[in-house]
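Me: I have a structure to work through. Can we take it step by step?

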Amino acid sequence: MPLLAQTTAVPPKPLSTPLMALGWQDLSAVQRQSLKPLEATWSTLNDGHKRKWIALAHNYPQLAPTEQAKMHSRMAEWAALKPRAREIARLNFAETKKVTPAERASNWEAYQALSPEEKKRLAKKTPTKPTGAAISTKPLPANKLTPVPVTRLSPETDRAKFTAQQAIDPNTLLPLVQPK
């Protein structure tokens with residue numbers, strides 16, 4: 001007895017299942033239309049990012065056509081970014097969220113009032129980011145950092161500061177126990 005092919009679309013997987021396995025073809029037609037600019041990069045997204053994009057796609061049909069076009073253009077810009085550029089954008093976004101909206105607006109107005117030469121000069125003053133190191137979203141407290149060990153190759157000032165902080169027995173070269 002031959003099997004008949006069904007022409008019905010496969011419903012999207014529920015969000016309780018891992019989304020990493022959720023391929024582009026598993027999305028509903030509305031979700032695919034909403035997330036069209038991400039089609040080429042969908043398989044590279046992790047579970048959390050897929051969840052966020054699916055949540056955004058939920059509101060897409062209710063948007064005005066101009067807002068839909070704006071959303072698609074921003075998605076296309078995001079999809080064109082390299083992973084490192086996306087990470088930097090996320091960190092910059094986290095930093096801007098720390099500033100109040102009123103202060104952010106006044107800073108933006110002040111920046112817009114600058115001449116092009118002043119903007120270039122300001123951009124040159126920006127400290128360069130370290131390459132090859134992960135950038136923390138917030139500074140770590142000093143008690144969480146491991147001190148850099150002092151060696152014979154350390155500058156004399158560092159060695160002098162370290163020995164001044166810690167009394168050492170000259171015979172054993174072990175730290176002296178401080179009397180209580």
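This is a predicted model: local features need pLDDT of at least 70, side-chain atom pairs count only at pLDDT 80 or more; totals for chains, interfaces and linings use all residues.

Me: What does tryptophan 53 touch, not counting residues up to four places away in sequence?
Reply: Tryptophan 53 is one of the residues with the most contacts inside the largest nonpolar core. Leaving out residues up to four places away in sequence, tryptophan 53 touches Leu35, Leu38, Trp42, Leu45, Met75 and Trp78.

Me: Which element gives the largest share of the lining of the largest pocket?
Reply: This pocket holds about 550 Å³ of space. Helix 2, helix 3 and helix 4 (83–96) each give two or more residues to its lining. The largest share is five residues, and it comes from helix 3.

Me: How many charged residues are in the lining of the largest pocket?
Reply: The lining has 13 residues. Sorted by class, eight are nonpolar and one is polar. The charged residues number four.

Me: Is threonine 137 buried, exposed or partly exposed?
Reply: Threonine 137 sits in the loop between helix 6 (116–125) and helix 7 (156–165). Its relative accessibility is 42%. Buried means under 20% and exposed means over 50%. So threonine 137 counts as partly exposed.

Technical notes
Residues are numbered from 1 along each chain as its sequence is written. Side-chain values use heavy atoms; hydrogens and water are left out. A nonpolar core is a set of buried Ala, Val, Leu, Ile, Met, Phe, Trp, Tyr and Cys residues joined through side-chain atoms within 4.5 Å. Buried means under 20% relative accessible area, exposed over 50%, partly exposed in between (1.4 Å probe, protein chains only). Contact means heavy atoms within 4.5 Å. On a 1 Å grid over the protein atoms alone, a cavity is a set of points where a 1.4 Å probe fits but cannot get out, and a pocket is an open set with protein on both sides within 12 Å along at least five of seven lines; lining residues have an atom within 4 Å of a point. Grid points are joined across faces, edges and corners, and a volume is the space filled by probe spheres set on the points. Helices (H or I, at least four residues) and strands (E, at least two) are DSSP runs, numbered from the N terminus. Ala, Val, Leu, Ile, Met, Phe, Trp, Tyr, Cys and Pro count as nonpolar, Asp, Glu, Lys and Arg as charged, and the others, Gly among them, as polar.
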